[in-house]
Amino acid sequence: MIRLRPGPPATVADLHRAQQLAGLLRGELERVRAAAVAWRNGLGGLLVALVGFSLIRGRTDVTTLAAGWGALVGVLLLAALAAGVAGALALLRAAHGRLTVTPVAALPPAPLGDHLEAVAAVRSLRIGVGLVLLCTALLVAAVGVTWYAPARPATAAVSSSAVGSLPSAR
């Protein structure tokens, strides 16, 4: 049989530590949300700068690229778009919370609920940052392919004067 007995009384240091922890928990969600907004704005600026940079491009028509390279550019741009949208949604979730209403009966006590939401917001922030950086890398790769991929070989045009000088097969 297990017997429970009271522990030693709390010291002044224990009480100070409990107050500090309670203070940290009270402001945790607001700090995480403020960080998420800052990251969202910073990464948005990075993407705007990248789009501006990508306007300085090599070929403007991917049909001038060698076979397969134009399709690669398309796949890279599609993947960048998917990663960018998913990253933006994750950053918005981190900055503003879930787009849902929790029933009152399911709400945890305030400090615990705020802490759980802060943990979820940090997870969304990390995912969003990673996806936006992946989007950036994919956009850079797509622009790089348009710059450095080999050109489609030029088809030899046959002039009308050369056709007239060919021997006819009669």
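Good morning. Please keep in mind throughout that this is a predicted model. I begin with the overall fold. The protein chain has four helices and zero strands, and from the N terminus its elements run α-α-α-α. The chain has 170 residues, of which 24% count as buried. If we take contacts between residues at least 6 apart in sequence, 94% of them join residues at least 24 apart.

Let us turn to helix H2, which covers residues 69–96. Its 28 residues reach 40 Å from the first C-alpha to the last, close to the 40 Å expected at 1.5 Å a residue. Which residues of H2 are buried? Among them are Val73, Leu76, Ala80, Ala83, Gly84 and Gly87. Just after H2 comes glycine 97, with a positive phi of about 95 degrees.

Arginine 33 lies in helix H1, which spans residues 12–54. Is arginine 33 buried or exposed? It counts as buried, because its relative accessibility is 19% and the cut-off for buried is under 20%. Setting aside neighbours within four places in sequence, arginine 33 is in contact with Arg93, Ala94, Ala95, His96, Gly97, Glu117 and Ala121.

Next, the largest pocket. About 290 Å³ of space lies in it. Its lining consists of 13 residues, and those nearest the centre are Arg98, Thr102, Leu107, Gly113 and Glu117. Which helix gives the most to the lining? That is helix H3, residues 110–148, with five residues. By class, the lining has four nonpolar, five polar and four charged residues.

Finally, the aromatic rings. A search of the whole structure finds one aromatic pair. The partners are tryptophan 147 and tyrosine 148, whose ring centres lie 6.0 Å apart with the planes at 90 degrees, so the pair is edge-to-face. Tryptophan 147 is partly exposed, at a relative accessible area of 31%, whereas tyrosine 148 is exposed, at 67%.

Thank you for your attention.

Terms used: Residues are numbered from 1 along each chain as its sequence is written. This is a predicted model: local features need pLDDT of at least 70, side-chain atom pairs count only at pLDDT 80 or more; totals for chains, interfaces and linings use all residues. Side-chain values use heavy atoms; hydrogens and water are left out. Rings of Phe, Tyr and Trp (its six-membered ring) pair if their centres lie within 6.5 Å; planes under 30 degrees apart count as stacked, over 60 as edge-to-face and the rest as tilted. Buried means under 20% relative accessible area, exposed over 50%, partly exposed in between (1.4 Å probe, protein chains only). On a 1 Å grid over the protein atoms alone, a cavity is a set of points where a 1.4 Å probe fits but cannot get out, and a pocket is an open set with protein on both sides within 12 Å along at least five of seven lines; lining residues have an atom within 4 Å of a point. Grid points are joined across faces, edges and corners, and a volume is the space filled by probe spheres set on the points. Helices (H or I, at least four residues) and strands (E, at least two) are DSSP runs, numbered from the N terminus. Ala, Val, Leu, Ile, Met, Phe, Trp, Tyr, Cys and Pro count as nonpolar, Asp, Glu, Lys and Arg as charged, and the others, Gly among them, as polar. The expected span of a helix is 1.5 Å times one less than its number of residues. Contact means heavy atoms within 4.5 Å.
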